[in-house]
Amino acid sequence: MGKKRKQIEAEVVEPEEIPERPKRTLLGWKDKSQVPDEETDSKVFRNKEKVLITCSRRINYRYRHLMLNMVSILPHCKKDNKVESKATKGATMNELVELRSCSSCLFFECRKHKDLYLWMAKCPNGPSVKFLVNAVYTMEELKLTGNHLKGSRPILTFSNNFDKDAHWKLLKEMIIQIFGTPKEHRKSKPYHDHVFVFSIVDDHIWFRNYQISDKGPREDREKMTLIEVGPRFCLNPIKIFGGSFGGPTLYENPFFVSPNQIRALEKRKKAGKFAKKVKAKTRRKMHELSNPLEPDEFADMWKE
């Protein structure tokens, strides 16, 4: 028989107090004692703007490249698949924006492989604006020397005309919310090195993107220059709606002429040229009949 082992009485160890896990805030897991009162205050506004960028089916390649340029210069955007352009696209787009957890939308709608329309909407309650896009030049076409870092926050500048009328003020506020990158966004860089310029000329909004180049010291601001990066485009406002992709009409541009009407006028001009030729030909025949030539005495001399 083996010897029995002596049983050693185990010492009872009291469990140490586990520190309480700090509560989660908008800025992450932090201890309240280390966070200032301003950050823990629930009244502090935090910009959570996210923009959904998508396009319609059967879009032209130049307009698709323009959409990709906009995706590259807006770090707070999300790109989605193409959407069918139908009468019920408003409900589809609102549902798609909600699924992607976005608050705004830029929808590029192409018609007849020629005309590009841009929907700029705040989802799901509105308002929304429909533009006709003209004078499109992508980054690949321009090949400019400007180059800014991807993801940096832009400075938005506007011409003085935006403060003239109520509809321009509304468009200015929508552009600020959609094109302005939120501070401390996870995909953005914490500095500014380019400028978005929005100017109104002939009731059109012209967009330019410039790089801020400072070759000298920072104190000498006179040596700062602007180098264009691209893309370029012009927005012609058509209608402003009270809802998202529809609703009551808040403003309608009285000077807007659709591209279909312009093409119809050009066809009529070409048809007018042909009609002038036909009229000239009939006038020539009537003139020959009314003024016949005198018979020639020597016309039949060599026939014998």
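**Stop 1**

Select Arg 62, which is partly exposed because its relative accessible area is 22%; buried means under 20%, exposed over 50% and partly exposed in between, with a 1.4 Å probe and protein chains only. This is a predicted model, in which local features need pLDDT of at least 70 and side-chain atom pairs count only at pLDDT 80 or more, while totals for chains, interfaces and linings use all residues. Residues are numbered from 1 along each chain as its sequence is written, and side-chain values use heavy atoms, with hydrogens and water left out.

A salt bridge here is a side-chain nitrogen of Lys or Arg within 4 Å of a carboxyl oxygen of Asp or Glu. The pair links distant parts of the chain, 79 residues apart: Arg 62 is in helix H2 (residues 61-73) and Glu 141 in helix H4 (residues 139-142). Helices (H or I, at least four residues) and strands (E, at least two) are DSSP runs, numbered from the N terminus. Glu 141 is also partly exposed, at 38% relative accessible area.

**Stop 2: other salt bridges**

How many salt bridges does a search of the whole structure find? The search finds twelve.

- Select Glu 109 and Arg 111: their closest N and O atoms are 3.1 Å apart in a salt bridge. Glu 109 is buried, with a relative accessible area of 0%, whereas Arg 111 is partly exposed at 34%.
- Select Arg 284 and Glu 288, joined by a salt bridge of 3.5 Å, N to O. These two are separated by about one helical turn because they are four residues apart in helix H6. Glu 288 is partly exposed, at 46% relative accessibility.
- Select Arg 57, Arg 58 and Glu 84, which are linked in a network of salt bridges.

**Stop 3: Ile 205**

Is Ile 205 buried or exposed? Ile 205 is buried, because its relative accessible area is 1%. The residue lies in strand S10 (residues 204-214). Display its contacts (heavy atoms within 4.5 Å): not counting residues up to four places away in sequence, Ile 205 touches residues including Phe 131, Trp 168, Phe 198, Phe 233 and Leu 235. For a distance check, pick the C-alpha atoms of Ile 205 and Phe 158, which are separated by 9.9 Å and lie 47 residues apart along the chain.

**Stop 4: Met 301**

Finally, select Met 301, in the segment after helix H6 (259-290). Met 301 counts as partly exposed, at 43% relative accessibility.
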